[in-house]
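Welcome! Have a look around, and then let us go through a few questions together.

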Amino acid sequence: MAGKITFYEDKNFQGRSYECSDDSPDLFTHFLRCNSIRVGNGNWMLYERPGFMGYQYFLRKGEYPCYQHWMGFNDNIRSCRMIPAHEGPHKLKLYENFDFLGREMELQEEDCPSLYERFQPRGVHSCGQVEGFWVFYEHPLYRGRQYLLWPGQYRRHSDWGARDGRVSSIRRVTDI
C-alpha cells in the first residue's frame, strides 16, 4: 500500500496544500510553511530542513491540526521520508558506551515509555543489531527530540543524528 500525506500551510487543514506519496528531499517549492497535516496511510518521518536533516518528527496515520500536535518546534517542514513496512521482528540492543561497549540493554517487540525506569542507563551512546524501525525520544513518554533508526548498526549517537546520548523512551514503528 502506498503512503499518502497532505501538508497544509495553515492550521486546521486550511490554505495551500500539497499531497505526497513518496520520499521528498526538498518540499520548499510546494509550500512555504506547514501548520497542519493529514496522514492518509503509512508511517512518515518529517524533517525541519531539506535533505532529511534537522529536527525529526514521526507521524502515523491520523490528523494533526497544528504543528504542536506532532510536537513540532515550529512550522518548518522541508523534507519527508516514508518509512517502509517492516516484515519480521523488532529487536534493538542498546549500549551505554560508544562502539557497542558498556552495559547492554535489549528490547524486542515492545515499546519503552521510560528507559530510565526499566534499565537506569547513564545514556545510550551506541546501538546494534537493529531489526525493524525504531524512534528514539529525548524525554520519557515519547516526548522531545525524535530520531529514526533504520535497521543496522550505530557506533555512536551522532550516527542517528543526536548531539548526545540522551534517550529516554523508545517506540517501534509498526503498521498499527
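Q: Which residues does His157 touch, not counting residues up to four places away in sequence?
A: Keep in mind that this is a predicted model. His157 lies in the loop between strand 13 (152–154) and strand 14 (169–172). Leaving out residues up to four places away in sequence, the residues that His157 touches are Phe98, Val124, His125, Ala162, Arg163, Asp164 and Gly165.

Q: Does His157 count as buried or exposed?
A: The cut-off for buried is under 20% relative accessible area. His157 has 11% relative accessibility, so His157 counts as buried.

Q: Which backbone oxygen does the side chain of His157 reach?
A: Arg163 is among the residues that His157 touches. At 3.4 Å, the side chain of His157 reaches the backbone oxygen of Arg163.

Q: How many aromatic pairs does a search of the whole structure find, and is the pair of Tyr8 and Phe13 stacked or edge-to-face?
A: Searching the whole structure gives 10 aromatic pairs. For Tyr8 and Phe13, the ring centres are 5.6 Å apart and the planes stand at 80°. Planes over 60 degrees apart count as edge-to-face, so the pair of Tyr8 and Phe13 is edge-to-face.

Q: How many residues apart in sequence are the parts that the pair of Phe133 and Trp150 ties together?
A: These two rings have their centres 4.9 Å apart and their planes at 80°, so Phe133 and Trp150 are an edge-to-face pair. Phe133 lies in the loop between strand 10 (126–131) and strand 11 (134–139), while Trp150 lies in the loop between strand 12 (143–149) and strand 13. The pair therefore ties together parts whose separation in sequence is 17 residues.

Q: Which charged residue sits over the ring of Phe13?
A: Phe13 is buried, and so is Tyr8. Over the ring of Phe13, 3.9 Å from its centre, sits the charged end of Arg38.

Q: What are the edge strands of the open sheet of four strands?
A: The strands of this sheet have the order 2-1-3-6, with antiparallel pairing. Strand 1 (residues 4–10) and strand 3 (residues 36–41), for example, pair over five bridges. An edge strand here pairs on one side only, and the two are strand 2 (14–20) and strand 6 (62–64).

Key:
Residues are numbered from 1 along each chain as its sequence is written. This is a predicted model: local features need pLDDT of at least 70, side-chain atom pairs count only at pLDDT 80 or more; totals for chains, interfaces and linings use all residues. Side-chain values use heavy atoms; hydrogens and water are left out. Buried means under 20% relative accessible area, exposed over 50%, partly exposed in between (1.4 Å probe, protein chains only). A polar contact is a pair of N or O atoms within 3.5 Å; within protein, one must be able to donate a hydrogen and the other to accept it, and residues adjacent in sequence count only if both atoms are side-chain atoms. Contact means heavy atoms within 4.5 Å. Rings of Phe, Tyr and Trp (its six-membered ring) pair if their centres lie within 6.5 Å; planes under 30 degrees apart count as stacked, over 60 as edge-to-face and the rest as tilted. A charge sits over a ring if NZ of Lys or CZ of Arg is within 6 Å of the ring centre and within 35 degrees of the ring normal. Two strands pair if DSSP finds at least two bridges between them.
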